[in-house]
Amino acid sequence: MISQHLPALQVVIPLLTAPVCLLFNNARVAWILSLVASSVALVIAALLLQQVLTVGILTYEIGGWAAPWGIEYRIDPVNAFVLLIVAAIGTVVMSFAPRSVASEIPEQQIALFYAAYLLCLAGLLGIAATGDAFNLFVFLEISSLSSYVLISLGRDRRALTAAFQYLIMGTIGATFILIGVGLLYMMTGTLNMADLAKRLPLVADTRTVAAALAFLTVGISLKLALFPLHLWLPNAYAFAPSVVTAFIAATGTKVAVYMLLRFLFTVFGATLSFEAVLLPTILLPLSLVAVFSASIVAIFQDNIKRMLAYSSVAQIGYMILGLSFVSVTGLTACILHLFNHALMKGGLFLALGCVVYQLGSADISKFAGLGRRMPWTFAAIVVGGLSLIGVPLTVGFISKWYLVLAALESGQWWVAVLVLIGSLLAVVYMWRIVEVAFFQPAPRQGSQRREAPLSLLLPTWVLIGANIFFGINTDLTVGVAQRAAVWLLGGAS
Amino acid sequence: MAWLGLYNYWVVIFLMMAGFYAVITRGNLVKKIVGLNLFQTSVFILYISMSKVQGGTAPIVDNEFAIYSNPLPHVLILTAIVVGVATTALGLALVVRIRESYGTVEEDEIHHLDKSF
């Protein structure tokens, strides 16, 4: 009975818990509610993924209105996977939250923080679950507006300007998406994605559809911070509270990548958009530039949160690179990296959250000698860094491996070489942390710095452990990613 | 004179570009928000224009009329207007907070105060 309503419950539970948090207006109650809502979302996402893998696509008609007219939720292998990662990160981040939030956000704002977090979670899950183009825009705005609020809660006053900058760029991106959806509606008279996919080929050669594709691609690229539209990201990640950075870095851009996949492959269909408009010639070079420019900028950052933010821009480059090959292996690499990068960046930003909790800052100058004072935290950073670089036995290796395979498969061996060189740049910026933390003597004052409390370390190590677990045991991730890739390309033809 | 028939769309493009221009060039954060608002408003007109059916009336079922305008874009854009209002409110709230902590709403002065913008 209830299993039939899972696709809707996935989104509705966090959405309705948010106002309840506000009504109680108590930090502890709000936290418990958020943790429960996130875990329930995780359980639902796991059930959905399992159902999709055994039964096939699930559809749910909101309010009982039939599909092309009413809003339809459509769960297939691709978004079931995205739902799982978003809900999983949400749950882990929430178990990390109470101590870190209490130290970074004023007491009277904590309930508000949890309410905004739940709205953001609901928005992100909604984007992934919905099969309706306009509904996607609404959820996008729910998640964006709440993430602007979350970012502005940072202690540094620069969090405010970062949130403002993100608001401006995010709104422009969302409005572009709105224009794109409007143009599609103009040509086809439908907003349902599956229906759009059927009707678009009939009007494929019109300029309106080409314009819609352009608006959607640019709008979503703004949201996923594809070079050169990434300017909002570094400040937003650097000045947001640690918990928010970990959550948004691990989920926000991933869901945007999913949106791009959804529109390019399901709605437009690979043949239409790629052969007609030649996206590979635009997205492929841009993604490579993203990898190199962002990695090089990352090397010169002194604020480690900011450094990892630039590294995120580079990693997004890898995802888009995989996407731009338009092959099963390429898409597998893209979806795998989407999942894996959420694990590594989630873990790394949580580890940094531990550092900020103890030090009050993420500046590299304060890291001297910390490797011995906070061994578990820095071990987590090292493992996360190795994963980021793509060392075997970590998840980073798996996705890089598929990326290189896809490059070789498409006959562009030089892309494979560039991917490897890009990984070396990651070695350079991760090495800077290791060098300062382990090989520099600790300053004499401040010697009372100790290891972060267990309640912070445990969630961090859950994510870092997942990096190693899924690096060795690849059946689940690769299997699902491959099925999703085949489904995306097959559903498109 | 086919391009005259697209009058609404010319208005949309003009408003959109004017708003976008204001967002990019104005240093005053409030003016940026106003530009952003203009930019969003142009999209509302785009949606409303596309729902117009020639000779159609308001979509209220009546025996006298056979052709109705398409009500769906109106409904969609009501949602988008709400989103726009929320964005503006949040943007202005942020401007208030920025003004409280920096004492100014001019982008270059904020940039001068700390190099984050």
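I take helices as DSSP runs of H or I with at least four residues, and strands as runs of E with at least two. The model I have open is predicted.

**Chain B, fold order.** I read chain B along its sequence and noted the pattern α-α-α-α-α. I counted five helices and zero strands there.

**Chain B, overall dimensions.** I looked up the radius of gyration and found 20 Å. A compact globule of 117 residues would be near 13 Å. Along the principal axes, the C-alpha atoms fill a box of roughly 65 × 35 × 15 Å. I then checked burial: 24% of the 117 residues in chain B are buried. Of the contacts with a separation of 6 or more, 44% join residues 24 or more positions apart.

**Chain A, helix H16.** I moved to H16(A), residues 375-389. This helix has 15 residues and spans 21 Å from first C-alpha to last, close to the 21 Å expected at 1.5 Å a residue. I took buried to mean 20 or more other C-beta atoms within 10 Å of a residue's own. Among the buried residues I listed Phe378(A), Ile381(A), Val383(A), Leu386(A) and Leu388(A). Gly384(A) and Gly385(A) are also buried.

**What covers H16.** I asked which helices of chain A cover those buried residues. The cover includes H13 (304-324), H14 (328-359) and H15 (370-373). It also includes H17 (395-409), H18 (413-439) and H19 (454-472).

**Past the end of H16.** I checked the backbone just after H16(A). Gly390(A) takes a positive phi of about 100° there.

Key. Residues numbered from 1 in each chain as written. Chains lettered and ligands numbered in written order. Predicted model: local features only at pLDDT ≥ 70, side-chain atom pairs only at ≥ 80, totals over all residues. Expected span 1.5 Å × (residues − 1). Buried ≥ 20, exposed ≤ 12 C-beta atoms within 10 Å, placed from the backbone. Contact = placed C-beta atoms within 7 Å. Rg over C-alpha atoms; globule rule 2.2 N^0.38 Å.
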